[in-house]
Amino acid sequence: KYGYSIHLYADDTQLYFAFDVHSNNPDLSRVNLCFDEIKQWMAHNFLKLNDDKTEFLDIGPYQSTISSLQLGKHNLEPVLTAKNLGFVFDNFMSLNDQINAISRTCYINLRNLKRIGAHLPRQLKIQLVHSNILSFIDYCNAVFGSLSESNLNKLQVIQNNAVRFIFNVTGNDRRKSVTPLLKQLHFLPVRQRIKYKVALLVFKCVNNLAPTYLLELLKLRDPKRHSIRLDDDFFYLDIPKKPGFVRTCGAFSYVGPSIWNSLPYDIRCLSDIGNFKKSLKTYFYNQVYN
């Protein structure tokens with residue numbers, strides 16, 4: 001009705017809108033009307049819109065021209081970061097705050113695990129690393145497509161330290177490469193774990209297993225009927241023009257098709273998700289360690 005995008009969760013309502021960053025006084029009257037209507041609808045359906053927990057995050061590469069947003073009786077000032085389903089977004093989408101939050105949590109967990117590590121068998125250590133370290137590294141990692149090298153290295157160092165914990169590597173041995181240990185555990189490095197998650201999401205989109213808002217971001221490529229060479233690969237995706245901003249290069253609509261098209265045909269043509277996961281991990285494993 002108002003031309004805005006929305007996401008509705010069990011206890012969380014999100015409203016997305018765009019405005020002209022070059023305007024000194026953008027018109028936000030429709031935002032107020034939309035907000036009032038949402039509040040009225042919630043009250044009619046015995047729900048409560050918590051004004052005190054409502055946050056306004058202005059995302060963009062430029063300095064915001066909006067100093068505040070008047071919603072009902074509340075005046076919202078733009079925040080620098082906002083947590084969305086446990087994921088921290090910042091106003092420049094650099095993801096620095098999210099990486100710092102992951103690092104903080106993982107190092108606390110790793111320090112606690114080391115206190116009892118000497119009394120644990122290796123198999124139990126692996127399970128604890130999966131649940132207390134890798135689960136945080138892998139959470140929402142499909143949005144890490146344009147992650148900077150420094151942030152990527154932070155996550156890789158966390159994984160390396162977790163592997164040293166599993167094998168009880170101490171002293172001067174900590175200077176040795178952990179690649180053989182990662183290979184022994186069949187752990188993919190962080191970069192490949194990100195590609196794995198993105199490729200899995202694309203697979204779900206191609207096979208109509210994903211939500212509609214993801215399906216709309218991808219499009220199968222039309223085979224070239226008048227090409228000199230036979231073009232019968234119906235599992236290629238259209239890759240849109242590369243975005244102009246570094247941050248938007250990590251958009252799923254660009255990263256997804258790029259990673260998907262780089263996979264071998266015998267993996268892209270699979271229809272069973274179990275076989276796809278197994279083949280995909282084997283592909284990335286061989287790509288890294290062989």
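1. A contact here means heavy atoms within 4.5 Å. With that in hand: residues 24 or more positions apart make up 59% of the chain's contacts that have a separation of 6 or more. Bear in mind that this is a predicted model.

2. For the overall picture, the chain has 290 residues, and 37% of them are buried. The secondary structure comes to 10 helices and six strands. The C-alpha trace spans about 65 × 60 × 40 Å along its principal axes.

3. Have a look at helix H3, residues 122-138, which has a kink of about 40 degrees centred on His 130.

4. What does H3 pack against? Its buried residues are Lys 125, Ile 126, Val 129, Ile 133, Leu 134, Ile 137 and Asp 138. They pack against four helices: H2 (96-116), H4 (149-166), H5 (179-185) and H6 (190-206).

5. H6 also packs with H10 (residues 273-289), at an angle of about 150 degrees and with the axes 11 Å apart. An angle over 145 degrees counts as roughly antiparallel, so that is how H6 runs relative to H10. Their crossing is right-handed.

6. Which residues meet there? From H6 come Gln 192, Lys 195, Tyr 196, Ala 199, Leu 200, Phe 203 and Lys 204; from H10 come Ile 273, Phe 276, Lys 277, Leu 280, Lys 281, Phe 284 and Val 288. By type, the residues of this contact are nine nonpolar, one polar and four charged. As for the spacing, residues three or four places apart on an α-helix point the same way, because there are 3.6 residues a turn.

Terms used
Residues numbered from 1 in each chain as written. Predicted model: local features only at pLDDT ≥ 70, side-chain atom pairs only at ≥ 80, totals over all residues. Heavy atoms only, no water. Bend = angle between axes of the 7 residues up to and from the residue. Helix = DSSP H or I, 4+ residues; strand = E, 2+ residues; numbered from the N terminus. Buried < 20%, exposed > 50% of the residue type's maximum accessible area, 1.4 Å probe, protein only. Axes fitted to C-alpha atoms, helices over the stretch in contact; angles between N-to-C directions. Parallel < 35°, antiparallel > 145°, perpendicular 65-115°, else oblique. Left-handed = near helix turned anticlockwise from the far one by under 90°. Nonpolar A, V, L, I, M, F, W, Y, C, P; charged D, E, K, R; others polar.
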